[in-house]
Amino acid sequence: LLCVLASSFSLRLRATRVINSLQEEPSYHLVLDLGNELASICRKAAVEISHNLSEEHISLGSQFAYSFCSHLLNRFLLCLHFNYAIQATRNPLYAHSHKVCLEVALDLISLLDYDLYSRLLVNGGGMFRDIITRGALMIYLELHKSHESDISILAKRRNRARQEPLLKDAHRVVRYAKDRMCQGETNVKGYLFLRIATARAEAMLDGLPVEQAMENAALESLNDCETILGNMSTDLSNNGGDSDAEAWRHEEIMCTPTAFDVGLGFLDDDNFSFDHLDPSIFQNLTDPSFF
């Protein structure tokens, strides 16, 4: 795996320059060429691990190494195609980017199933923190795109069954965001958005009132956040942490109204627009500072 990563270093450097370019948007032809080369490297890594290890004898260390290698390579594919994948909702010429990003997102989220590596994803920063959330946005985009209000009941049931795996992944990401908060994450916006987006997708597929589902999810998630942050402050005080922890607790948490006292007007804000035809939500939410 180290040889695979070493041989792909120059390619990943080229991809990094394209992804981070502030001068002009790269041509789609360039994105496709780099994406194909990166996909080839990802396949090579998969072949390497399958040739050297069997499912029965794979060790925790080998599993961790392969997870890291897959994570490191796939994040370049996701970031490279991401903007075009969002545009694919309006322009079918970019459908390939949407397909690539969705597949990569599912691969990245599957890393949460590996106990040892999932601990790094829950506690780590940088790419261990942001890339899972970006992948989740592709899942919500797919769930919202598949909804049609004028189809029959039987068709809705079939659609619900087809989307069940995606909903399962969406709930997995919600649990991941909550686990991060339980481990010390203090920014609640990521968890709040994921809960609301999941509730909206589920309500749409089940034919239930969407706005009510979103409000219920918002209230429940705000209560969760208040409880988690309150416990965090108590633990800091009991363990002799920051000398300002107790003051912060009384001045901020104890004076903060409960979730049921908070108005839900923020759901009408542009940042919480869930219309998949409007890419502005993804432009706002892919900014790491949002989370």
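Colleague: How many aromatic pairs does the count come to?

Modeller: The count comes to 7 aromatic pairs. Rings of Phe, Tyr and Trp (its six-membered ring) pair if their centres lie within 6.5 Å, and planes under 30 degrees apart count as stacked, over 60 as edge-to-face and the rest as tilted. Keep in mind that this is a predicted model: local features need pLDDT of at least 70, side-chain atom pairs count only at pLDDT 80 or more, and totals for chains, interfaces and linings use all residues. Residues are numbered from 1 along each chain as its sequence is written, and side-chain values use heavy atoms, with hydrogens and water left out.

Colleague: OK, what kind of pair do Tyr28 and Tyr84 form?

Modeller: That one is tilted, with 4.7 Å centre to centre and 45° between the planes. Tyr28 belongs to helix α3 (residues 28-52) and Tyr84 to helix α4 (residues 60-87), so the pair ties together parts that are 56 residues apart in sequence. Helices here are DSSP runs (H or I, at least four residues), as are strands (E, at least two), numbered from the N terminus.

Colleague: Is Tyr84 buried or exposed?

Modeller: Tyr84 is buried, at a relative accessible area of 6%, and Tyr28 counts as buried too, at 15% relative accessibility. Buried means under 20% relative accessible area, exposed over 50%, and partly exposed in between (1.4 Å probe, protein chains only).

Colleague: And what about Phe64 and Tyr117, what pair do they form?

Modeller: An edge-to-face pair, 5.2 Å centre to centre with 65° between the planes. Phe64 sits in helix α4 and Tyr117 in helix α6 (residues 115-123), so this pair links parts that are 53 residues apart in sequence. Phe64 counts as partly exposed at 28% relative accessibility, while Tyr117 is buried at 1%.

Colleague: Which residues form one aromatic cluster?

Modeller: Phe64, Phe68, Tyr117 and Phe128.

Colleague: Switching to charges, where does the charged end of Arg134 sit?

Modeller: Over the ring of Phe82, 4.8 Å from the ring centre. The rule is that NZ of Lys or CZ of Arg lies within 6 Å of the ring centre and within 35 degrees of the ring normal.

Colleague: Now helices. At what angle do α5 and α7 pack?

Modeller: Helix α5 (residues 95-110) and helix α7 (residues 127-145) pack at about 125°, their axes 8 Å apart. Axes are lines fitted to C-alpha atoms, for helices over the stretch in contact, and angles run from 0 to 180 degrees between N-to-C directions. That makes α5 oblique to α7; angles under 35 degrees count as roughly parallel, over 145 as roughly antiparallel, 65 to 115 as roughly perpendicular and the rest as oblique.

Colleague: Which residues make the contact?

Modeller: From α5 they include His98, Cys101 and Leu102, and from α7 they include Ile131, Gly135 and Met138. Contact means heavy atoms within 4.5 Å.

Colleague: What does Asn74 touch?

Modeller: Asn74 touches Cys42, Val104, Asp107 and Leu108, leaving aside residues up to four places away in sequence. Asn74 is found in helix α4 and is buried, with a relative accessible area of 7%.

Colleague: Where does Cys42 lie?

Modeller: In helix α3, and Cys42 counts as buried at 16% relative accessibility. The C-alpha atoms of Cys42 and Leu77 are separated by 9.5 Å, with the two residues 35 apart along the chain.

Colleague: Last one: how many helices and strands does the chain come to?

Modeller: 12 helices and 0 strands. Buried residues make up 44% of the 291 residues in the chain.
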